[in-house]
Each structure stands twice: as C-alpha cells, then as structure tokens.
Amino acid sequence: MNSSLLGEQIARFRKAVDMTQEELGRAVGISAQAVSRWECGGAPDVTLLPAVADTLRVTVDALFGREGGERIRIEDAVRRWMLTVPQDQRADRLCRLVWAAAGPVMSGKPEDKLDISGYEACCETVTPEDGKTIRWLRRTQVIMEDGCILGVRADDMSFAAVFPEPEAGWEAFMEDNGLYRRLFEVLARPHCLELLEYLCSKPPFPSRRYTPGAIAKPMGLTTAEADSLMEALAEVNLLGRAELETEDGLIHAYLLGDESGLVPFLYFARWLTTGGSGFLNGTYRKSPVLRGGKWKEKGEN
C-alpha cells in the first residue's frame with residue numbers, strides 16, 4: 001500500500017468537500033489526530049477505507065489515485081437506487097435507509113448498523129392485576145447538537161422524523177403559543193377528531209367539498225353542530241372554505257386543507273405520550289433544545 005499517496009489523496013478529497021480532520025474522524029469513528037497521521041504518511045486500517053471513501057464522496061479506487069475513481073454524489077446514488085424500488089415500497093425503504101444511516105450518528109462507529117427488522121412497534125403487555133392490555137411503542141430518539149432524529153423502528157409500524165436545527169435555532173421558527181392553544185382547543189372539541197378521521201377516509205382526489213348538512217348525517221350531528229365544528233376547523237386552517245352555487249343561491253362548504261398531515265400528526269402525538277421504552281436512544285447535546293434566549297430575556301435561569 002502506497003501510504004504516502006493514500007494520505008495525499010485523503011487530504012485532497014477532504015479539502016475538496018470542505019471538511020476538517022476532526023469532522024472526517026468523527027464520521028468514521030476515529031480521532032482527528034489519526035486523520036492527521038494518515039495525511040502525513042500513515043496508513044488507515046483497510047476496514048475503514050469504504051467509510052472514508054463514502055464520507056469523502058469518492059470511490060476506494062480514487063483514494064489510491066486509480067482511474068475510474070470519480071467523485072460520487074450520494075444524493076444522485078440514492079436517487080438512482082430509489083428508482084429501482086417498486087413504487088408501493090419506496091416510503092418503507094426510504095425510512096429504513098434513514099435508520100440505517102443513523103447507526104454511525106448514534107455511536108460514532110462506521111461499522112454500527114441499525115436493523116429495524118424483528119422489532120414490534122405496537123407492543124402489548126397484559127397487566128397481571130386486572131388483565132388489561134396496554135399498547136405502547138418502542139421509540140428511538142437521537143438528540144444531537146445540530147438536530148434530532150425521532151421515530152419508531154419496526155416492521156409493522158415505523159417512521160423516521162429528521163429535524164436539522166436551523167442556524168437561528170428552532171425557537172426562531174416557532175409560532176406564538178396562542179396559535180397552538182387555539183389548535184388544541186379546537187381538536188379537544190367533541191366529535192372534532194372523528195370528523196377529521198371521516199374526511200381522511202375519503203379518497204383525496206378530486207378534492208371534495210362538504211356542506212355541514214352532508215357531514216351532519218354520517219356523524220350523528222345536527223347541521224348547526226357540524227357547521228360550528230367545521231367553521232372552527234377552518235379558523236385554524238385544518239379545513240378550507242369554499243362556496244357552492246345552487247338553485248337556491250350560494251351556500252358555504254368546506255374541504256380538507258391537508259389530507260396528508262393528520263396521520264403523521266396523530267402518529268407523533270402517540271409517540272410523545274406513549275409509556276413504552278425506547279431502543280438505542282442517545283443524547284449528544286449539551287446546549288438547550290430551545291436556545292433562543294426567550295426566558296433569559298425574561299430574567300429566568
């Protein structure tokens with residue numbers, strides 16, 4: 001192995017992607033000092049070469065200066081791979097890819113991998129005292145200085161939510177708490193969630209418009225009750241307003257504003273409130289999750 005050439009190539013490709021020795025070391029699970037030794041003529045363990053090449057977006061051949069070692073854009077590689085996956089399996093495979101990539105994030109070791117197979121998402125426990133069945137989730141969470149990954153790794157019910165932290169912090173993009181209070185007040189109204197579930201049970205396209213009278217019958221409500229509830233949902237933008245022209249004149253109607261948002265919202269609400277324990281949880285953050293200084297400005301510690 002020509003360690004001098006190898007070290008020169010590692011240094012060249014590292015600088016080309018604007019990465020420090022410390023960042024490269026962290027990505028492959030070694031120290032910045034070890035990377036420095038490589039670039040000064042030392043040789044990395046051969047088992048680390050694939051991880052080094054992937055991190056620098058090149059092939060292993062490129063590290064040795066061989067032809068055909070062009071730089072690889074991981075984004076392009078993932079896109080090409082995704083096009084080979086059957087369309088009805090892409091969401092599942094993408095979720096698995098996120099959890100697989102989270103292995104080194106959680107441990108710092110390139111050889112660590114997460115396999116979501118073999119875990120049940122909706123675990124059930126029967127309490128010996130009263131024989132009741134308790135359903136809970138096996139949660140996974142990774143809290144890092146630059147963001148967090150939250151979700152469930154499972155075959156039967158899985159999701160991965162990746163939240164990179166903005167440079168200004170999450171707090172800068174959060175709304176005044178009054179908006180959240182109004183939202184939760186509306187959702188807490190009787191029949192509200194059931195109404196949203198009913199609308200989500202209909203095919204999303206073409207977008208349907210519903211009059212309060214059309215909703216009242218299947219929901220077991222009066223027209224006035226349905227009208228009040230749908231207007232409240234429109235106030236927080238969970239329903240959109242529309243007008244229908246009939247022989248009796250214009251009447252107001254409503255349509256589901258975002259049929260794709262309710263299920264993830266309810267999934268994550270369950271994730272937050274579940275009593276189940278998690279797997280491979282990790283916290284690598286020292287700064288507050290909300291670091292915008294709102295409470296410090298108010299004189300709080």
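**View 1. Strand S4 is covered on both faces.** Gly147, Ile149 and Gly151 are buried on one side, and Cys148, Leu150 and Val152 on the other. Buried means under 20% relative accessible area, exposed over 50%, partly exposed in between (1.4 Å probe, protein chains only). S4 spans residues 147-152, and six of its six residues are buried. Cys148 has a relative accessible area of 11%. This is a predicted model: local features need pLDDT of at least 70, side-chain atom pairs count only at pLDDT 80 or more, and totals for chains, interfaces and linings use all residues. Residues are numbered from 1 along each chain as its sequence is written, and side-chain values use heavy atoms, without hydrogens and water.

**View 2. S4 pairs with S3 and with S5.** Strands are DSSP runs (E, at least two residues), and helices are H or I runs of at least four, numbered from the N terminus. Strands pair if DSSP finds at least two bridges between them. S3 (residues 139-144) runs antiparallel to S4, with six bridges. Two residues separate them in a hairpin. Six bridges also join S4 to antiparallel S5 (residues 159-164). That hairpin passes through six residues. Ile149 has bridge partners Val142 and, in S5, Val162.

**View 3. The largest nonpolar core holds 22 residues.** Such a core is a set of buried Ala, Val, Leu, Ile, Met, Phe, Trp, Tyr and Cys residues joined through side-chain atoms within 4.5 Å. Leu195, Ile215 and Leu239 touch the most other members. Helix H11 (223-235) is among the elements that each supply at least two residues. H11 gives the most, six.
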